[in-house]
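Dear colleague,

Please find the structure below, handed over for your records. My notes on what was found in it follow directly after.

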Amino acid sequence: MMNIKNIHAKIGDKVILKGLNLELEKGKIHVIMGPNGSGKSTLSKAIVGHFDVEVTEGEILYKGKNILETSPEERALNGIFLSFQNPVEIPGVNNTYFLRTALNEKEKHEGKKETNAAEFLKLMRQHVEQLGMKPDMISRALNDGFSGGEKKRNEILQMEILQPEIIILDEIDSGLDIDALKTVSEGINRMKNTERTLLVITHYSRILDYIHPDYIHVLQDGQIIKTGGPELVKTLEAEGYQAINKDS
Amino acid sequence: MAQNQVDKILAQDYKLGFTVYVESDTAPPGLNESVLRFISLKKNEPQWMTDIRIIALHKWEKMKESHWAHTHYKPIDYQSISYFSAPKKAPNSLDDVDEKVLDAYAKLGIPLEEQKMLQGIAIDAIFDSVSVKTTYSQALQEKGIIFCSISEAMREHPQLVQEYLFSVVPMTDNYFAALNSAVFTDGTFVYIPKGVRCPMELSTYFRINAKNTGQFERTLIIADEGSYVSYNEGCSAPQRDENQLHAAVVELIVKKNAEIKYSTIQNWYPGDEEGKGGIYNFVTKRGLCEGENSKISWTQVETDSSITWKYPSCILKGDNSVGEFYSVAVTSKAQQADTGTKMLHLGKNTRSTIISEGISAMKGQNSYRGWVKVASNASGARNFSQCDSLLIGSGCGAHTFPYLESHNAQAQIEHEATTSKINDEQLFYLRQHGISEENAVSMIVHGFCKEVFAQLPMEFAVEAKELLNLTLEGSVG
Ligand SMILES: Nc1ncnc2c1ncn2[C@@H]1O[C@H](COP(=O)(O)OP(=O)(O)OP(=O)(O)O)[C@@H](O)[C@H]1O
Ligand SMILES: [Mg+2]
C-alpha cells in the first residue's frame with residue numbers, strides 16, 4: 001500500500017529521520033512506538049507533506065508512485081489521512097462546513113456526485129451521536145475551544161466521514177478518558193477492512209487491547225529498529241526501549 | 001513556501017477593470033465658477049442650486065486638505081480633474097439608455113432590465129456623473145416613496161432638498177465635503193413617508209468610467225416617523241494607471257421610530273502593487289437619529305480602493321436612538337484604508353455598537369479609527385466596540401485608534417480589540433483535508449467576517465463573499 005524507503009529528513013537544520021524504512025500493508029493495522037523525540041510525528045508529517053519537514057533523501061511510494069513531490073491537498077485527495085498529535089484550532093470556520101467542503105472536494109476528485117447540505121447534516125448527526133460527541137459540535141468552530149478529548153473524537157469523526165485509504169493516527173489515545181478511548185477504538189475498528197491501512201502511533205498498550213494490531217514497529221533515533229507482532233509490546237512494557245536498543 | 005503562494009493568489013487582477021467606450025459630454029479639466037455653471041446647465045438645475053455651488057466653491061478655496069489619517073499619497077491636482085462627464089444620449093427610460101452603458105452594467109452583473117428585476121430590488125445606476133436609470137419608481141410612488149436621482153429631486157421636490165441638504169453634513173464640514181458641495185454631479189434621493197415600510201431593497205450602483213474624471217455624488221435619505229428602509233450602494237471603476245478621485249457625501253435623517261439600514265459594497269479598482277492607479281476614496285457619511293427610538297445601521301464591505309478615508313457616523317440625538325456600524329475592510333497590494341466610525345451620543349439611553357473587521361494582506365495597511373463621544377446629558381448611554389484585525393503574511397499592517405470621550409459618568413463604554421494572523425498550521429490543516437490553498441484562505445477569511453456579513457441583505461451577502469474571493473483568492477481564469 002505504502003512503501004517508505006530510506007527516508008532522511010530534517011526540520012530546520014536538525015536531522016531527524018535517518019534512513020527510515022517501513023512498508024505498510026493493505027488491510028493491516030501497523031503500530032509505531034518509540035521514545036519521545038525519536039521522530040514519530042516527523043515521519044507522519046513527512047508522509048502528508050508538512051512544510052516543517054524537509055525530506056533530503058529517499059522516497060515514499062503510494063499506489064506505486066513517489067508522492068514526495070505532490071501537494072498536501074493532492075495527497076489528501078488520494079486517500080492519505082493524518083490525525084495530528086495536536087489538532088490546530090480554526091476560529092470562525094464552522095466544523096460542519098469545513099468537513100462538508102473536504103468531503104465534496106474528495107467527491108469531485110473522484111468524479112462522484114457531491115453530498116448536498118441536507119444529506120451531509122444527516123450524516124454528520126449520525127456520526128456525532130455514534131461517537132458520543134456533544135450535538136453542538138455540529139455548529140461550533142473547528143476545534144475552537146474543544147477539550148483535548150473532544151479534538152481527538154473530532155479527528156475520528158473526520159476519518160469516518162472522509163473514508164480515507166491510509167489512516168495515520170498520531171497519539172489519538174493521548175488524553176482520552178476511559179469511555180473516550182473505547183469509543184475512539186470502536187471508530188478505528190469500524191474503519192478496518194481489507195482495502196485500508198492504519199498506522200497508529202502510541203505510547204500505551206491500552207489502545208492496542210481494543211484494536212488488535214498486526215505489526216509493532218519500534219522507532220528510535222530516526223530509524224525503525226525493530227518490527228514484530230503484537231507480542232513485542234509485552235517485551236517493551238517489561239524492559240523499555242533500552243532493551244530493544246541493546247539486542248538489535 | 002506557503003506564504004509565496006498566498007501572495008500570488010492575492011496579487012490577481014481586478015476583474016471589473018474594463019472600460020466601456022461611450023460617447024460622452026465631458027467638462028474640460030479645471031475647477032472654477034464657469035465649470036460649476038456648466039454642470040448646473042447640463043443638469044438643468046434650478047438657480048438656487050447654482051448659487052449654492054458657487055458659495056461652496058469659494059468656501060472650499062479657503063480650506064486646507066487635512067492629513068491626519070494614516071494614509072500617504074501625492075498631492076492631488078484639483079485643476080487637472082474633469083468634474084463632469086456624462087453619456088451623450090440623455091436617458092429618459094430604459095430604451096434610451098446607451099446600449100454600451102447597459103453592457104457595462106451587465107458586465108458588472110447588475111441587472112437593469114425590468115424583467116430581470118425579479119429579486120425585487122429597485123436600482124438607481126450612476127454611470128460617471130449621471131443617473132442613467134432608476135427602476136421601479138412607479139411601484140414605489142404608489143406608497144409615496146420617492147426614489148430618484150438627486151438632480152431630479154432638485155427639480156421635482158425642491159422643498160425637501162432645500163430643507164435637508166447640508167443639514168447633517170454642513171457645506172464646510174471638511175475639505176472633501178466642501179469640494180463635493182461645489183461639484184457634486186449626481187447621487188440618490190430617497191424619502192420614505194410616515195409609517196411606510198419600504199417594500200423592497202433600494203440600491204444604487206456607482207461606476208466611474210470616463211478617464212481623468214472624479215466622481216462626486218451626493219446621497220440624501222430621509223426616513224419620516226415610523227418608516228423603514230434598507231438601502232444598498234455598490235461601486236466599481238475601470239482599471240487605470242492614474243488615480244481617480246471619489247469624494248462623496250451621504251446624509252441620512254431618521255425621525256422618531258424610524259430606521260435606515262445602509263449597506264455599502266465597494267469594489268473600486270485598488271491600483272497595483274506599487275500603489276499606481278486606483279481610486280482615492282474620500283467619503284463623508286453621516287446620519288442623524290433625530291427622533292426618539294430612531295435607528296441607523298451602517299454596514300460596509302470595502303475591498304478595493306487605493307486609499308480609503310471614510311467614517312460613516314451617527315449622531316444619536318433622539319432619546320433611545322441606536323447607531324450601529326459593521327465593517328469589513330480588506331487591504332491588499334499597496335492599498336491603504338483609514339476607516340472607522342463616529343458615534344456621538346446626545347440623547348438619553350442612546351446605544352451604539354461598532355464591529356470592525358480589518359483584513360490586511362501583502363503590503364496593505366488597515367487603520368481603524370473610531371470616535372465615541374458621550375455628551376453630559378446623555379445619561380444611560382452605552383457603547384460596545386469590537387475591532388478585529390486579521391493579517392495575512394508579514395508585509396502588511398493593522399492599526400487601531402480608538403478615541404473615547406465621555407462627559408457623563410454613568411455612560412458605559414466597552415472596547416475590545418484582537419489581532420490574529422492566518423497561520424500556516426491552520427492553512428495546512430485545511431489543505432491536508434483536501435481543500436485547496438485558495439479555498440483554505442477564503443474559508444478562514446469568511447469565518448472572520450461572518451458577523452458583518454450576517455448584517456447584509458441576502459443578495460448582497462452573496463456578492464460580498466464573491467468579492468472577497470476575488471480580492472483574496474484569484475478564482476479568475
Ligand atoms: N519545529 C521544530 N523545530 C525544531 N525541532 C523540532 C521541530 N519539530 C520537531 N523538532 C524536534 O524533532 C525531534 C523529533 O520530534 P517528533 O515530534 O518527531 O518526535 P516524536 O517521536 O513524535 O515525539 P513524541 O513521542 O514526544 O511525540 C524532537 O527532538 C523535536 O524537538
Ligand atoms: Mg509526536
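Predicted model: local features only at pLDDT ≥ 70, side-chain atom pairs only at ≥ 80, totals over all residues.

Helices (H or I, at least four residues) and strands (E, at least two) are DSSP runs numbered from the N terminus. A:Q85 is partly exposed, with a relative accessible area of 27%; buried means under 20%, exposed over 50%, and partly exposed in between (1.4 Å probe, protein chains only).

Residues are numbered from 1 along each chain as its sequence is written, chains are lettered from A and ligands numbered from 1 in the order in which they are written, and side-chain values use heavy atoms, with hydrogens and water left out.

Ligand 1

The shell around ligand 1 holds 15 residues, the closest being A:K14, A:K40, A:S41, A:T42 and A:H203; a residue is counted if one of its heavy atoms lies within 4 Å. By type, the shell comprises 3 nonpolar, 8 polar and 4 charged residues. In this division Ala, Val, Leu, Ile, Met, Phe, Trp, Tyr, Cys and Pro are nonpolar, Asp, Glu, Lys and Arg are charged, and the others, Gly among them, are polar. Strand 2 (14-24) and helix 1 (40-48) of chain A each supply at least two shell residues, and helix 1 of chain A gives the most, with 3.

Oxygen atoms of ligand 1 lie 2.5 Å from a side-chain N or O atom of A:T42, 2.7 Å from a polar side-chain atom of A:K40 and 3.0 Å from a polar backbone atom of A:G39.

Salt bridges

The whole structure contains 25 salt bridges over all chains, each being a side-chain nitrogen of Lys or Arg within 4 Å of a carboxyl oxygen of Asp or Glu. One of them joins B:R431 and A:E73 at 2.7 Å, N to O. This pair crosses between chains, from helix 9 (residues 424-431) of chain B to helix 2 (residues 72-77) of chain A. B:R431 is buried at 11% relative accessible area, and A:E73 is also buried, at 13%.

Within chain A, the side chains of A:E160 and A:R190 meet at 2.8 Å, N to O. A:E160 lies in helix 5 (residues 148-162) and A:R190 in helix 6 (residues 178-191), so the bridge ties together parts 30 residues apart in sequence. A:E160 is buried at 5% relative accessibility, whereas A:R190 is partly exposed at 34%.

In chain B, B:K295 pairs with B:E324, their closest N and O atoms being 3.6 Å apart. B:K295 is in strand 14 (residues 295-304) and B:E324 in strand 17 (residues 322-331), 29 residues apart. Finally, salt bridges that share partners join A:E73, B:R431 and B:E437 into one network.

With kind regards

Terms used. Polar contact = N/O pair within 3.5 Å; in protein donor to acceptor, adjacent residues only side chain to side chain.
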